[in-house]
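Have a look at the structure below.

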Amino acid sequence: MSITGIYPPSDEFVRQAHVQGMEGYRELYRRAEQDPEAFWGDIAAREIHWFEKWKEVLDWKPPFAQWFVGAKTNVSYNCLDRHAASHRKNKVAILWEGEPGEQRFLTYQELLRLVSRFANVLKARGYKAGDRSIIYMPMIPELPIAMLACARLGITHSVVFGGFSAEALKARIQDLGATVVITADGGFRRVKEMKLKAAVDEAVAECPGVRDVIVYRRTGSDTAMQAGRDSWWHDLDAALTGPDAEHCPAVPLDSEHPLFVLYTSGTTGKPKGILHTTGGYLTHVTATMKWVFDLKDEDTYWCSADIGWVTGHSYIVYGPLSAGATSVMYEGTLDYPQFDRWWRLVEKYRVNILYTSPTAIRALIRQGDHWPEAHDLSSLRLLGSVGEPINPAAWEWYNRVIGKGRCPIVDTWWQTETGGILIAPMPGAVPAKPGSGTLPMPGVVPAIVDFHGYPVEPGHEGFLILRGPWPGMIRNIWGDPDRFKEQYWTKVPGAYFTGDAARCDHDGYYWILGRVDDVMNVSGHRLSTMEVESALVKHPVVAEAAVVGKPHEITGQAVCCFVTLKKGQGGDHDKLGQELRQWVAHEIGAFARPEEIRFTDALPKTRSGKIMRRLLREIVTSHTVTGDVTTLEDLSVVTNLAAQQDEE
Ligand code: WTA
């Protein structure tokens with residue numbers, strides 16, 4: 001193929017790949033298209049252990065899907081027991097390095113032992129299938145241990161990213177109706193302790209349903225414990241006695257048993273609990289480990305995400321462990337103690353597959369090539385990207401400086417809702433084009449449509465939708481089926497609405513352009529404009545707030561807030577700006593801290609009183625206002641804001 005900007009894999013890579021050449025990919029895609037149920041049934045039977053087989057592969061009553069109906073399985077069993085009973089029993093499952101430098105290499109049988117012990121702790125306290133837990137931990141092995149222990153018993157977990165505030169944590173505990181919170185005293189970030197337990201105390205004070213707070217000691221700092229509610233993980237562990245302490249049979253669970261709920265930002269102020277279930281999710285994440293990461297038994301695989309986000313769930317914990325991989329887990333930041341920390345890790349552990357985000361790549365580019373060049377990166381054979389569109393400059397650097405031009409790059413498009421990767425190249429089959437997620441996974445049917453749901457011509461922009469169900473798909477919004485239907489399935493009847501704009505080129509390659517709704521993407525983290533707005537208007541001096549994403553060189557987007565103050569308030573804008581930035585960090589979490597607060601006398605609104613964020617977005621992106629402003633109530637508001645921008 002001689003289209004410019006196409007990067008085919010080397011012959012050597014293709015020869016050793018799970019899926020070889022375009023024909024290999026097309027054949028898989030064709031089979032899935034012709035008979036999706038037979039296709040997924042074959043994969044599920046081959047890749048997953050089932051205690052009981054299904055009666056039918058799929059029951060699809062849009063928008064509700066059930067996969068592997070009537071079958072029984074257990075995610076923890078598939079991630080642990082079956083490997084511990086195989087040639088992999090002494091293979092490292094989780095290869096962990098703490099930010100201060102400690103190492104823990106947990107083999108499959110050791111991980112099984114630790115998970116079984118913790119599952120016994122939960123069981124001894126009366127927790128069982130159907131209960132819900134919140135896990136709020138730093139990136140230490142006990143985080144996946146807690147997840148796998150819950151999965152073993154059928155306790156539905158919701159991991160809350162350690163960067164979220166007490167307020168955010170409280171909302172999640174309450175929405176989920178969790179009765180147990182699993183946490184740690186704190187975690188390390190650039191040597192500083194990030195306290196976690198203090199936030200749990202603040203949150204749980206208003207959650208009467210929580211019976212137990214289990215605290216793992218990570219940092220060893222002073223931690224207040226509330227008698228009758230809080231226990232140390234190690235005390236509960238030590239109290240396990242008898243020969244069965246290390247054995248805890250995995251409970252055979254229905255294929256549709258809720259595995260986890262992960263809260264993510266939507267278009268309203270209230271985060272939604274995305275529900276994923278057991279058999280379909282596991283099949284999807286396991287299959288994509290081979291298709292997209294071309295995983296081999298001998299690989300050291302490293303996904304640099306935080307387990308608090310979906311990427312960590314699917315591609316640090318469940319996907320890699322189910323596929324029997326060695327999954328690297330690193331606690332800290334990429335710049336500690338210096339900007340070569342990641343390259344040290346790659347060199348030390350001979351990492352073969354590295355999966356990270358464009359934000360991280362851009363942050364690393366900025367520090368200069370000498371950091372990676374000082375290390376031997378020759379073990380790398382495949383690179384991945386996720387979370388946001390990767391810009392050509394970042395792609396080129398990743399390819400040249402990290403991959404030395406010999407590692408295929410898989411740009412993977414997916415969402416919390418999709419459970420696993422949906423659009424990405426199979427690296428031994430599909431040539432890459434920088435910036436494109438390329439082609440859909442087998443069984444995935446994307447389309448680009450206009451406002452009315454009609455397909456647009458190749459090369460034209462439109463909304464990305466997905467036709468038909470796939471095994472890892474969202475099953476519901478926790479406790480809110482109406483919102484689930486409305487949010488995803490009514491915009492284009494019968495199809496799943498992704499909220500992303502995209503185009504499909506003449507080769508059938510997908511190019512994701514970004515969100516079409518009020519969701520920002522800051523460092524690859526989803527954040528709703530409304531969430532930040534509702535945090536701001538809770539502040540006593542704020543009258544109104546409008547928030548938009550502003551293009552940012554490193555983080556993709558940055559949070560930019562337009563704020564009007566209540567009468568008589570004002571004073572020192574710099575000081576107040578600082579205070580409001582801190583306020584948002586406290587209300588939501590440090591990652592949501594606005595980059596910019598702009599004070600204004602009024603916000604642009606339609607005649608019906610709706611804030612026109614589109615105009616504000618234009619002001620911060622292009623510094624001008626174009627398009628239709630006829631519905632605007634007071635045009636001078638916009639002119640003033642744009643003029644203010646020009647003065648800066
Ligand atoms: C964006 C993260 C372009 C997209 C797995 C999507 C991407 C949102 C890509 C989901 C990619 C994710 N190229 N954009 N490869 N991957 N996105 O739920 O806007 O945190 O809708 O899931 O991130 O973010 P979420």
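## Arg 229 and its contacts

In this predicted model, the side chains of Arg 229 and Asp 201 make a polar contact, at 2.8 Å. Where does Arg 229 sit? You'll find Arg 229 in the loop between strand 11 (212–216) and strand 12 (230–232).

Is Arg 229 buried or exposed? Its relative accessible area is 10%, and since buried means under 20%, Arg 229 counts as buried. Leaving aside residues up to four places away in sequence, Arg 229 touches Lys 197, Asp 201, Val 204, Arg 211, Asp 212 and Val 213. So Asp 201, the polar partner, is also on that list of contacts, because contact means heavy atoms within 4.5 Å.

## Strand 19, covered on both faces

Now jump to strand 19, which spans residues 382–386. Five of its five residues are buried, so the rest of the structure largely encloses this strand.

Which residues cover each side? Leu 382, Gly 384 and Val 386 are on one side, Leu 383 and Ser 385 are on the other, and all of them are buried.

## The neighbours of strand 19

Strand 19 runs parallel to strand 18 (residues 353–356), and four bridges join the two. Strand 20 (residues 409–412) is also parallel to strand 19, again joined by four bridges.

Opposite Gly 384 stands Tyr 355, while in strand 20 its bridge partner is Val 410. Finally, strand 19, helix 15 (residues 392–402) and strand 20 together make a right-handed β-α-β unit.

Notes
Residues are numbered from 1 along each chain as its sequence is written. This is a predicted model: local features need pLDDT of at least 70, side-chain atom pairs count only at pLDDT 80 or more; totals for chains, interfaces and linings use all residues. Side-chain values use heavy atoms; hydrogens and water are left out. Buried means under 20% relative accessible area, exposed over 50%, partly exposed in between (1.4 Å probe, protein chains only). Two strands pair if DSSP finds at least two bridges between them. A crossover is right-handed if, with the strands pointing away from the viewer, the path from the first strand over the helix to the second runs clockwise. A polar contact is a pair of N or O atoms within 3.5 Å; within protein, one must be able to donate a hydrogen and the other to accept it, and residues adjacent in sequence count only if both atoms are side-chain atoms.
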